[in-house]
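Try each task before reading its solution.

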Amino acid sequence: MNLHRRTARRVIAIATALTATLPMAACAGGAGDSPATQRVLRIGSSMPSFPNLDTGGITNGGYEGQRLIGNNIYDGLTRWDVSDTSKPRVIAPGLATSWTVSDDSTVYDFQLRPGVTFQDGTPWNADAAAYNFDRYLNPQAPQYSAAVIGNYPVLTRIKSVEKTGDQSIRITMKEPYAYLLDDIYNVYMASPDSLRKSGSDGQSAHPVGTGPFSFGSINSQELTLKKNPNWWGGAPKLDEIDILLIPDNSARVAALRSQRVDWIEGADPDDLAGLKAAGFVTTEREFDWIWGWVFDLSKKPFDDPRVRQALNYAIDRKAIASDLLLGTAVPETQTVPAANPAYDANDDHYSYDPAKAKQLLADAGYPDGFSFSLGYITSGSGTMKPKTMNEQLQSQLAKVGVKVNLVPTDFSVMITSIWVNKKIPADWGGYNAPFSMGNFSEWGSFMFGCDGQSVSHYCNPDAQKLMDEAQVTADEKARLALLTQAARIVTAEAPWLYVVNDKAPRAMTKAVTGFNQPMSWWIDFTPISTSMS
């Protein structure tokens, strides 16, 4: 599109520097045999395995993989600012300092951050950006990687990326699209020089980005990141982050108690009181995350909304949140969590009403209930207590005649079979997983869309119309209002079983200082420090 033909453009963001202000944690007086002069944070991760470390590959590690690894090694053009821990995240400058957007949300002009270098010392500029986007979008480019683009649905919406100056690029969309700035935060930029020398295999084995921490080493159980003293946002306070794979909840707590680690993800609610009593610090905060079940509406009886509604009335969310999870989650009674900016309390819908559930089942032709199988992830980012939680739901549904056969499934298998292949296994009636509702572009596609990408096969034309309108609406307030309306329709038709909203409990030693948990899965590790022994 000719710049001179465009209407006046909206200035969306201007910043000459972004220095994150979120507190984070580090350890030296905590665990391991680190030298007294080094500040090392050892994190017990719930991930069952490390993801591929190439740019797009890290997204297969879920949000925990992005939080601990991707956002530390790499940067995108934008990033999430979670410095105000009382509010949901906002979009902020990353490798781009500012941008302007055409009135129809089809053309985005980015000014790139000057003076930035990759961790191998080579410069970040428009040539580097163009090289990365050619890798993602241009099948004729020698660096093109179809495997990487598969992890970035937003890239399929881009028509072209062109260099407009030494420190500027233009991205043109195939059609109006207001979510680009939200979506490209994790379209990570890798060093072109590193890719030319070692290709995708080299990037997977030894990633090189511009992020606040550089890759150190990896084995099957531990990954080490080192401080990048030249990071554009200011050198991190930590010298090193060690990420240890400890998918078992009890084993993670034991590792913290023995000071093998200083910080654990996904602390078991049963252990929090004991950890506090032992002098450890625990944190939690509600954010826009739903733990629930996704039904396959292409299969009976889930094609009938009365059946789906019945199951939502049949479960006791308060018992799960309060008794089982000990307050580390809140009941989720609609599509939008309270921590999401599209939330409307008037849309809180489903209560615990077994009598109503039985009546709905009878009205749908299932007075004696029915049986089905459901797959669930056994461990990983945001899964909380998957076995126990699913067994409690199984027990509650049995009281209205619905028998559920639970199928435990590895995280990587779930990623491949459902989120990559976009298909729920034929012998399952649905699956359980946690979802971030903050990725609004997924609402009208993977989650609830009529475009064939939704694994649940849910489609409501009225909801789709509202989500399509939101996709081209530049004004954020108006866009959120459209999404709220769409979610109201979705909630009433219940393509999901809404269970709880996770509060992401963590625990750490007192050596970790300055961490205030944000209202997001994203954590900025650069301001974290630790007391020295």
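**Exercise 1.** How many of the 10 residues of helix 8 are buried?

*Solution.* This is a predicted model: local features need pLDDT of at least 70, side-chain atom pairs count only at pLDDT 80 or more, and totals for chains, interfaces and linings use all residues. Residues are numbered from 1 along each chain as its sequence is written, and side-chain values use heavy atoms, without hydrogens or water.
- Locate helix 8 at residues 305-314. Helices are DSSP runs (H or I, at least four residues), and strands are too (E, at least two), numbered from the N terminus.
- Apply the cut-off: buried means under 20% relative accessible area (1.4 Å probe, protein chains only).
- Eight of the 10 residues pass, leaving helix 8 mostly covered.
- Among them are Val-307, Arg-308 and Tyr-313.

**Exercise 2.** Find the order of the six strands in the open sheet.

*Solution.* 
- Strands pair if DSSP finds at least two bridges between them.
- The order is 15-19-14-18-16-17, with mixed pairing.
- Strand 15 (329-331) and strand 17 (402-409) are the edges, each pairing on one side only.
- From one strand to the next, the twist averages 30°.

**Exercise 3.** In which sense do strand 16 and strand 17 pair?

*Solution.* 
- Take strand 16, residues 370-377.
- Eight bridges join strand 16 to strand 17 in the parallel sense.

**Exercise 4.** Look up the UniProt feature at residues 91-433.

*Solution.* 
- The unreviewed UniProt entry gives "domain: Solute-binding protein family" there. Such annotations may be inferred rather than shown by experiment.
- Over residues 91-433, the chain is 30% helix and 24% strand.
- The end C-alpha atoms are 26 Å apart.

Note on methods: Axes fitted to C-alpha atoms, helices over the stretch in contact; angles between N-to-C directions. Buried < 20%, exposed > 50% of the residue type's maximum accessible area, 1.4 Å probe, protein only.
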